Amino acid sequence: MSNVICLGEVLFDLLADQPVSRTEEVQSWTALAGGAPANVACGLVKLGDRSRFIGCIGQDEAGQQLQAKLESELVDLHGLQVHPTAPTRQVQVLRNPEGDRSFGGFGGLDTLSFADAQLDQVPGSLFTDANFLVMGTLALAAPASRDSSWQAIKLARENRVSIAIDVNWRPTFWPELEVDPSNDPKLVAVREFLREADFVKLAREEAELLYGEMNLELLRVELPQAQGIVVTDGDRDCYYYLLGEYGTQAAFKVKAVDTTGAGDAFVAGLVHQLGLDPRPKVAEMVRYATAAGALTTLKVGAIDSQPTNAEVVEFLRTH
């Protein structure tokens, strides 16, 4: 059983009830708890680990509901902050008929106005008993949460905590949407952040956006600290360099209902496997994580759909 810190955003995904391509076409929404680091924190508990969430919510009804949700999932909330004026973030999520999602925005509010962007400094005492720190890169979009993220990197190093970062690129979270991969300050900031990670997970399109192509040898040069680099590609094969081994893992063929949170379940599965003693074989770790991600797509939502360890083991036994 590992102790894992998950730092970043917790929010409500406003999931469109109709499969449409534009927010103007949505007739109704269903609010589901989400946010990649919060999803990973909940996923880890279901797999048998202990997780602590560090993030910031608003002093509003949405924030209270998210806090209650994380508490019900048995996530440690000693690192949760409450902002007195900034609202809890809610993000619109569109789905096509195949279950693939896209992000529609924040209902007209400025991305920097939300509570998660105001994350303040975190106490070092939260890191003394941790094995892993899991983060995304969305916190880099706001000055306060960016500073707190870099502080977390420093605390992790001081306490010999392994750092895992999932890129989780979402351009709607950044104040400026124009992207020039060669010198765009947003992407430069993300690349600099990833160089601190022991384990990096990217989607294929993120690898191509940040580094020009999906090439594990190139990524190893760009990410010299990393003991593991995993590149996922939706319902296609994922490629990895992990603990000295290269490999490919085929995606499991399932009938997806909602892909929201699948990547987060993959991260939870991989971190869970990395924390086992003795560690499984590398190929088995990636296969386990891939199964966790696949199972999450069978139901709606990013947290309620997450599998338990027993469910992942049974899925692997029958597939």
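L11 touches L32, A33, G34, G35, L66, R89, V91 and F173, where residues up to four places away in sequence are not counted and contact means heavy atoms within 4.5 Å. The residue lies in strand β2 (residues 11-16); strands are DSSP runs of E with at least two residues, helices DSSP runs of H or I with at least four, and both are numbered from the N terminus. L11 counts as buried because its relative accessibility is 3%, the class being defined as under 20% relative accessible area, with exposed over 50% and partly exposed in between (1.4 Å probe, protein chains only). The C-alpha atoms of L11 and T248 are separated by 33 Å, the two residues being 237 apart along the chain.

The structure is a predicted model, in which local features need pLDDT of at least 70 and side-chain atom pairs count only at pLDDT 80 or more, whereas totals for chains, interfaces and linings use all residues. Residues are numbered from 1 along each chain as its sequence is written, and side-chain values use heavy atoms, with hydrogens and water left out.

Helix α1 (residues 36-47) packs against helix α7 (residues 262-274) at an angle of about 50°, with the axes 8 Å apart. Axes are lines fitted to C-alpha atoms, for helices over the stretch in contact, and angles run from 0 to 180 degrees between N-to-C directions. The angle makes α1 oblique to α7; angles under 35 degrees count as roughly parallel, over 145 as roughly antiparallel, 65 to 115 as roughly perpendicular and the rest as oblique. In this contact, A36, N39, V40, G43, L44 and L47 of α1 meet D264, V267, A268, G269, V271 and H272 of α7. These residues comprise seven nonpolar, four polar and one charged, where Ala, Val, Leu, Ile, Met, Phe, Trp, Tyr, Cys and Pro count as nonpolar, Asp, Glu, Lys and Arg as charged, and the others, Gly among them, as polar.

The axes of α7 and helix α8 (residues 282-296) cross at roughly 150° and come within 7 Å, so that α7 is roughly antiparallel to α8. Among the residues of α7 that meet α8 are F266, G269 and L270. By class, this contact has 10 nonpolar, six polar and one charged residues.

The count of disulfides, defined as pairs of cysteine sulfur atoms within 2.5 Å, comes to zero. The sulfur of C6 is 8.7 Å from the closest cysteine sulfur, in C42, and therefore too far for a bond. C6 counts as buried at 0% relative accessibility, and C42 likewise counts as buried at 0%.
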